[in-house]
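Here is a short tour of a ligand site, written for someone who likes to know the cut-offs. Please have a look at the sequence and structure first.

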Amino acid sequence: MKVKNTHFRTIWPDAADNTIIRIIDQRLLPHRFVIEELRTLDDFCRAIRDMHVRGAGLIGATAGFAMYAAALAAPAAEAEADSYFRESAQRLVATRPTARNLAWAVERQLATIGRLKDRQDRIRTSLQVACRIADEDASFCQQIGEHGLKLIAAISRKKGGKPVNILTHCNAGWLAFVDYGSATAPIYAAHQAGIRVHVYVDETRPWLQGARLTAWELREEGVPHTLIADNTGGHLMQHGMVDMVIVGTDRTTSTGDVANKIGTYLKALAARDNNIPFYVALPSSTFDWEIEDGLRQIPIEERSGDEVNYVSGLSADNRLETVLVPPAGTRSLNFGFDVTPARLVTALITERGVVAASRKEILRMFPEKNKIKGS
Ligand code: MRU
């Protein structure tokens, strides 16, 4: 997508030296646009854990390149290299537990590099796999956009061309993936097709992905939007100001339960109470085919309470500042995600099309997954 009219992806190998991987440091957005270099496995683990990069798809793509960094640093002997890769994989997977794409990308790399005996082969192949994961992520998100566009177009027709009001939570935009985004891809596609859309952006406490990232993305793309405090959505829905909700997901069970940024569940409840369609957009890399009960089986990340107690922003004299909000020493609780049960999800928007959030329909769309868990 565009930043000041220049096209960027969120992660890419340096053109002159492909042992360096470049990312946009999302901690500093929207006020500073800083590109960071990642070289070592430590760099990658820190970037994922401390959220220089974040969002399910981008975490997965970053993990793919991290395994390439591991291949560059691994010992030449096959047995030692193998245990080095396994340790690297474990370290990576531990950085952020909820997003399925992380383990998915690491497993994909292990399955490929594990078969190779020669060091140069492992390096070359792991870079190819990492680039393929990134390219696929971008292309899947673009396809999600095309499928989701039809849903927005249908509402637009019903409204006689008046703006379609879409509420979104957190950032499931291009910054959360390699390009396009999941929840935002249909919005960008509709906007480009000339359909009038307007987005209500939940600010998304505590890390403020909505206020900091989604609002910035939409502004760069020229999509009309309004920032709202997290608690506003229900009121807007009761007053007919929201036509549809589209959110992303970090892990989706084979039965259609979705784990997404904390607060998503409350929006799904409010949408159901007001008869508003609630869509969840995801590339198939976000499915966890092994689990069926999101509430019991999806690991929910708990992050530092400092993210709740402190807020950061731009001071009047243009400095980035972090300030304490509650009384010093206040204990806070910071769960990163919650689970929205499939029964509250109108449909999933995937790269293959729009599908009901039920095991039967999901497996009909992804028949090759039928063999998993013998369904
Ligand atoms: O903690 P984050 O920012 O990595 O959380 C991810 C998210 O941005 C959302 O939950 C998003 O809606 C799904 S990720 C595509």
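How do the residues of the shell around the ligand divide into nonpolar, polar and charged? There are seven nonpolar, six polar and four charged residues; Ala, Val, Leu, Ile, Met, Phe, Trp, Tyr, Cys and Pro count as nonpolar, Asp, Glu, Lys and Arg as charged, and the others, Gly among them, as polar.

A word on the source: this is a predicted model, in which local features need pLDDT of at least 70 and side-chain atom pairs count only at pLDDT 80 or more, while totals for chains, interfaces and linings use all residues. Residues are numbered from 1 along each chain as its sequence is written, and side-chain values use heavy atoms, with hydrogens and water left out.

The ligand is surrounded by 17 residues (a heavy atom within 4 Å), and the closest are R54, R96, D250, N260 and K261. Three of these side chains make polar contacts (N or O atoms within 3.5 Å) with ligand oxygen atoms:

| Side chain | Distance to a ligand oxygen atom |
|---|---|
| R96 | 2.8 Å |
| D250 | 2.7 Å |
| K261 | 2.7 Å |

Taken alone, the ligand exposes 400 Å², and the protein buries 100% of that (Shrake-Rupley method, 1.4 Å probe).

Now the domains. The protein chain is divided into domain 1 (2-136) and domain 2 (143-374), with bounds from an automatic or database domain assignment. Their contact (heavy atoms within 4.5 Å) takes 34 residues from domain 1 and 36 residues from domain 2. The C-alpha centres of domain 1 and domain 2 are 24 Å apart. Each domain also gives at least three residues to the shell around the ligand.

Definitions and conventions: A polar contact is a pair of N or O atoms within 3.5 Å; within protein, one must be able to donate a hydrogen and the other to accept it, and residues adjacent in sequence count only if both atoms are side-chain atoms.
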